[in-house]
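Here is a friendly walk through one protein model, for reading with the structure open beside you. Please have the chain on screen and follow along.

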Amino acid sequence: AVVSTQSTGVERKKKKFNVCVNKVPESTKKSPRDREKEDYQYCIDSLEIDARDIVSCHRAGKKDEKISNFCRPLIVKLRREEDVSYYTLDGRGFMTRDKLWINPDLCRADRKANFEARQEAEKRKKGKKIAEEKKEAKQEKKK
């Protein structure tokens, strides 16, 4: 458990200047360098990230040629943590005009914790809805 916690800390440190954008269309260029340039330009034009704030950008994972519309996440490294906060609305995520979310690039442990928190919130929301429906049904019976 100690090694896992240490590696999570190192991973968090590496990712603290990164934002992650999903569903960005893949470039059709053949050269990796040309694809990277196109992604960089996409960050500036479509995501409206200031070019002065961008250190680099790359795609996570390997391109899957078998799936035609598969889009790997775009990881954008920014200059400062303040830039990450600005473009992700302090970690809550920001939706662009193209309906793409700019989120902090989280380590696996943080993604899992966020997922579990969302699941728990969804359960509570469903529980409240069921309780309200029961209350309404009771009131209907009294009438």
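Arg92 counts as exposed, with a relative accessibility of 62%; exposed means over 50% relative accessible area, buried under 20%, and partly exposed in between (1.4 Å probe, protein chains only). The model is a predicted one, in which local features need pLDDT of at least 70 and side-chain atom pairs count only at pLDDT 80 or more, while totals for chains, interfaces and linings use all residues. Residues are numbered from 1 along each chain as its sequence is written, and side-chain values use heavy atoms, with hydrogens and water left out.

Arg92 sits in the loop between H3 and strand E4 (94-95); helices (H or I, at least four residues) and strands (E, at least two) are DSSP runs numbered from the N terminus. Leaving aside neighbours within four places in sequence, Arg92 is in contact with Trp101 and Asn103, where contact means heavy atoms within 4.5 Å. The C-alpha atoms of Arg92 and Asn103 are 7.2 Å apart, although 11 residues separate the two along the chain.

Now to another loop residue. Glu26 lies between E1 and H2 and is buried, at 17% relative accessible area. Beyond its neighbours within four places in sequence, Glu26 is in contact with Arg59, Lys63, Phe70, Cys71 and Arg72.

| Side chain | Backbone nitrogen | Distance |
|---|---|---|
| Glu26 | Arg72 | 2.9 Å |
| Ser31 | Arg33 | 3.2 Å |

Finally, the largest nonpolar core has 16 residues, of which Leu47, Ile49, Val76 and Leu78 touch the most other members. Such a core is a set of buried Ala, Val, Leu, Ile, Met, Phe, Trp, Tyr and Cys residues joined through side-chain atoms within 4.5 Å. E3 gives the most to this core, with three residues.

Notes: A polar contact is a pair of N or O atoms within 3.5 Å; within protein, one must be able to donate a hydrogen and the other to accept it, and residues adjacent in sequence count only if both atoms are side-chain atoms.
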